[in-house]
Amino acid sequence: MISLTDTQKIGMGLTGFGVFFLFFGMILFFDKALLAIGNVLFVAGLAFVIGLERTFRFFFQKHKMKATGFFLGGVFVVLIGWPLIGMIFEIYGFFLLFRGFFPVVIGFIRRVPVLGSLLNLPGIRSFE
């Protein structure tokens, strides 16, 4: 089992609340207040989980500058009041930033009992 420090536990909570607010904001027709709160909580939670220095190094690597620009630009656009356009930028930047993690996540989900059997179906397995 993975042991987490108290700071990392707080970060996991902040990240979870951030994802919840982002999801809830999209469900409620891109409510800009909920999306803004979700963005701030998600980025703050990420900084708490992996640390400020590692967060800065992750976002500002040379080969990830385009992705960081789209993600943080989307956060800014949501904060100034254009939630739909901002979320499109954010989602594109998120996929560019975290595309290296998706195979690891899919491999982990394949080991979860119910979800793993769904991902191993012939039609879905080919999208790997």
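Begin by selecting E90, a residue of helix α5 (helices, H or I with at least four residues, are DSSP runs numbered from the N terminus). E90 is buried yet has no salt bridge, and the nearest side chain of opposite charge, that of K32, is 14 Å away. Here buried means under 20% relative accessible area, exposed over 50% and partly exposed in between, with a 1.4 Å probe and protein chains only; a salt bridge is a side-chain nitrogen of Lys or Arg within 4 Å of a carboxyl oxygen of Asp or Glu. For charge, Lys and Arg count as positive and Asp and Glu as negative, while His and the chain ends are not counted.

The model is predicted, with local features needing pLDDT of at least 70 and side-chain atom pairs counting only at pLDDT 80 or more, whereas totals for chains, interfaces and linings use all residues. Residues are numbered from 1 along each chain as its sequence is written, and side-chain values use heavy atoms, with hydrogens and water left out.

Keep E90 selected and show its contacts (heavy atoms within 4.5 Å): leaving aside residues up to four places away in sequence, E90 touches N39, F70, F71, G74, V75 and V78.

Next, select the whole of α5, residues 83–98. This helix of 16 residues reaches 22 Å from its first C-alpha to its last, close to the 22 Å expected at 1.5 Å a residue, the expected span being 1.5 Å times one less than the number of residues. Its buried residues are P83, G86, M87, E90, G93, L96, L97 and F98, and what covers them includes α1 (6–27), α2 (32–50), α3, α4 and α6 (102–110).

Now colour F76, I80, W82, L84, I85, I88 and F89, which make a nonpolar surface patch of about 740 Å². Such patches are made of residues with over 30% relative accessible area and no salt bridge, nonpolar side chains (Val, Leu, Ile, Met, Phe, Trp, Tyr) being joined within 5 Å and like charges within 9 Å; the areas come from the Shrake-Rupley method with a 1.4 Å probe. Both α4 (65–80) and α5 supply at least two residues of the patch, and the largest share, four residues, comes from α5. F89, placed in α5, counts as partly exposed because its relative accessibility is 33%.

E53 and R57 are separated by about one helical turn because they are four residues apart in α3 (residues 52–59). E53 counts as exposed at 57% relative accessibility, while R57, at 48%, counts as partly exposed.
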